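Dear colleague,

Please find the structure we discussed below. My notes on it follow directly after.

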Amino acid sequence: MRYVAIYPEAPSPALTSALLQAGYNPVPIGGVADAGDKQPEAGWSSVVVEIGNDPDTAANVASKVREELTVPVLLVADRMLTRDLEAREGFDDFILTPIDPAELRIRLGRISADPPDMESEDILRFEDLELNTGTYQATIASRPVDLTYMEYELLRFLVENMNRVWSREQLLSRVWGYDYFGGSRTVDVHVRRLRAKLGEERASWITTVRSVGYRFG
Amino acid sequence: MDRQKEYVLSTVKERGIRFIRLWFTDVQGFLKSFAITPAELEVALDEGVSFDGSAIDGFSRSHEADMLARPDPSTFQILPFTSGHAGVARMFCDIVTPEGDPFPGDPRWVLKQTLNRAAELGYSFYVAPEIEFFYFEDSSPATKVLDRGGYFDLTPLDVAQEYRRSTIVALEKLGIPVAFSHHEVSPSQHELGLRHTDALTMADTIMTTRLTVKEVAIEHGIYATFMPKPLEAVDGSGMHLHLSLFEGDENAFHDPDADLGLSKEARGFIAGLLTHASELTAVTNQWVNSYKRLVTGFDAPIFETWARNDQSALVRIPATKKGKIDSTRIEYRSPDPSCNPYLALSVILAAGLDGIEKDLDLPPQMGSDVLAMSSKERRDAGVRHIPRNLAEAIKAMESSDLMRETLGDHVFEWFLKNKKREWARYEQHVSRYELEEYLPVL
């Protein structure tokens with residue numbers, strides 16, 4: 001497991017989830033001393049510092065940690081602060097918000113001593129939806145979506161087999177594959193729940209094809 | 001490893017879940033929960049977690065105290081309303097004995113058994129509830145309402161709109177689609193209509209919904225209650241249940257050529273419900289207070305009748321939109337939201353199936369006209385009154401073979417014993433009514 005120290009102690013959920021997706025284990029730190037105390041045996045893979053309301057303190061923590069622990073540092077900054085970064089030192093690379101998880105993965109991979117080897121075939125993508133088939137996690141715009149197992153499996157099947165119409169029976173036998181109390185109406189129920197969890201804007205990804213079944217994409 | 005278990009284990013790890021709450025329901029319908037940490041999860045999924053069942057109402061006697069709660073991984077869900085304490089998920093559990101046999105006092109098992117019987121006949125059972133509840137400032141007997149709004153009222157009378165909205169958002173995050181929600185007839189009373197799903201999932205869903213409504217209320221500093229009749233002068237809270245049977249993809253209740261579009265199965269099911277209505281009322285309306293809702297003058301059924309689109313009948317046939325075959329259904333209107341949903345759905349399904357299997361005759365429709373009849377006319381027409389109080393309901397249940405068979409000896413006997421005790425306590429109680437009416441004059 002590769003550990004990444006993140007500052008401040010309450011990082012944005014988008015950063016945390018992007019790090020998880022990129023295969024890192026994020027550990028929040030409160031400052032330089034804390035980074036030393038919490039340092040895992042194998043050392044930090046890298047340190048990610050969010051430049052928030054207090055850019056000077058954050059940049060100071062970044063450069064000190066980099067120097068004292070000799071670990072690569074990535075800054076996360078708002079676009080408005082790009083100019084400000086020009087004058088600063090003590091970091092190896094930076095990334096602008098909103099964070100693109102793929103970009104974060106690449107940049108961290110380039111500066112880290114020991115980048116995790118993410119097999120990209122483990123990730124299924126559609127627009128801003130990502131399904132990690134290795135860890136069973138789903139994210140939309142980098143935010144995790146809380147799915148039940150069957151909701152996840154149904155979504156995975158639909159994304160893997162996009163743009164094809166599937167009947168309820170086909171979905172039941174391909175996704176559920178066993179006798180279920182609900183019968184084939186179960187499919188409708190799960191599609192409705194998935195749409196609810198995908199949210200209003202994305203609910204239309206799954207279209208109902210009248211008297212046939214469902215299609216994704 | 002089973003993929004479903006793998007999914008749960010992986011999600012717990014990836015999402016930083018720190019506690020997994022294991023949920024089950026006691027015989028009276030109270031949600032019970034205990035938490036385990038991720039370290040114990042794998043063993044819990046494989047073997048179950050032991051707990052002392054003698055402390056749970058309606059579970060074992062002390063000499064068979066050890067029970068195992070076996071989590072159902074298909075119900076794994078991260079909880080959205082633990083703001084500030086992120087990382088909590090839940091699973092519903094089946095209760096088994098240390099030998100691994102299903103525990104007959106587990107309401108979830110009772111429902112599964114009844115659903116198996118339906119499956120043997122080729123049916124799956126679908127349910128959509130309308131859940132009513134009240135918001136009060138707190139849980140004190142002063143019943144301080146939040147508004148004076150009425151049916152469908154919108155702001156500024158409906159101050160609770162925001163609470164309803166957050167409840168729906170939380171429910172949708174839990175994968176519970178809400179069909180509609182609005183202010184109900186009484187002050188401070190609200191309703192959530194849930195979309196239909198299979199009966200087992202729906203019973204779990206009703207438990208989750210009750211908790212969610214209460215949790216969201218707490219977050220807003222108010223109190224939500226499913227008590228059937230908290231305010232004397234206004235309508236109480238019911239839980240109308242929309243029911244249908246499907247044979248594979250086909251709605252077994254629908255027959256385009258039949259009267260009202262109701263198939264032979266639908267007619268048999270209604271006849272079964274009416275035949276056994278009195279016997280099952282103790283389960284669908286289990287508290288002394290439940291019967292204060294089932295009285296004249298309010299939007300609650302009094303007589304065991306059926307009718308098309310008539311609010312006063314016990315079984316109502318809702319109008320369906322043209323061509324909407326799948327939405328042909330029947331609505332059972334007596335249950336209240338404080339019942340045990342597993343047991344209530346079990347006895348309702350068993351009664352309906354009995355009607356289908358025995359091909360019971362459906363009496364003629366009777367709606368609000370029943371209210372105008374004299375009691376002799378009603379007797380002549382064979383119209384029965386819904387049990388008037390818990391004592392009458394207990395009496396009707398006690399002599400019912402169908403109820404014993406459906407609930408199993410364990411639940412049947414424990415339930416009756418418990419309810420008799422409740423009634424005995426109530427009978428001895430000197431109420432506010434008596435003190436106000438009698439003390440000044442006698």
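A crossing of two helices is called right-handed if the near helix is turned clockwise from the far one by less than a right angle, and left-handed if it is turned anticlockwise. In this predicted model, α1(A) passes α5(A) in a right-handed crossing. The residues in contact are A:Ala18, A:Leu19 and A:Gln21 on the side of α1(A), and A:Pro101, A:Leu104 and A:Leu108 on the side of α5(A). The two helices, residues 13–21 and residues 101–111 of chain A, have axes that come within 9 Å and cross at roughly 65 degrees.

Within α1(A), the buried residues include A:Ala18, A:Leu19 and A:Gln21, along with A:Leu15 and A:Ser17. Just after α1(A), A:Gly23 adopts a positive phi of about 95 degrees.

A:Tyr7 and A:Pro8 are joined by a cis bond with omega of about 0 degrees, and A:Pro8 lies in the loop between β1 (2–7) and α1 of chain A. The bond from A:Thr97 to A:Pro98 is also cis, with omega near -5 degrees; A:Pro98 belongs to the loop between β5 (93–96) and α5 of chain A.

Positive phi values also occur at residues other than glycine. A:Glu127 has a phi of about 45 degrees and sits in the loop between β6 (123–126) and β7 (129–132) of chain A. Its relative accessibility is 63%, so A:Glu127 counts as exposed, the threshold being over 50%. A:Ala141 likewise has a positive phi of about 45 degrees, in the loop between β8 (137–140) and β9 (143–145) of chain A. A:Ala141 is partly exposed, with a relative accessible area of 42%.

I turn now to chain B. B:Thr208, in helix α5 (residues 199–219) of chain B, is buried at 0% relative accessibility. Beyond residues up to four places away in sequence, B:Thr208 touches B:Trp23, B:Arg90, B:Phe92, B:Leu174 and B:Ile176.

B:Pro38 is part of helix α2 (residues 38–47) of chain B and is partly exposed at 32% relative accessible area. Its contacts outside the four neighbouring places in sequence are B:Val12, B:Ile17, B:Arg18 and B:Ile20. The C-alpha atoms of B:Pro38 and B:Ile17 are 7.3 Å from each other, although the residues are 21 apart along the chain.

Finally, B:Tyr433, B:Tyr438, B:Val441 and B:Leu442 make a nonpolar surface patch of about 500 Å². B:Leu442 follows α13 (432–438) of chain B and is exposed, with a relative accessible area of 80%.

With kind regards

Notes: Residues numbered from 1 in each chain as written. Chains lettered and ligands numbered in written order. Predicted model: local features only at pLDDT ≥ 70, side-chain atom pairs only at ≥ 80, totals over all residues. Heavy atoms only, no water. Patch = residues over 30% accessible without salt bridge, like charges linked within 9 Å, V, L, I, M, F, W, Y side chains within 5 Å. Areas by Shrake-Rupley, 256 points an atom, 1.4 Å probe, with all protein chains shown as cover. Salt bridge = Lys/Arg side-chain N within 4 Å of Asp/Glu carboxyl O. Helix = DSSP H or I, 4+ residues; strand = E, 2+ residues; numbered from the N terminus. Buried < 20%, exposed > 50% of the residue type's maximum accessible area, 1.4 Å probe, protein only. Axes fitted to C-alpha atoms, helices over the stretch in contact; angles between N-to-C directions. Contact = heavy atoms within 4.5 Å.
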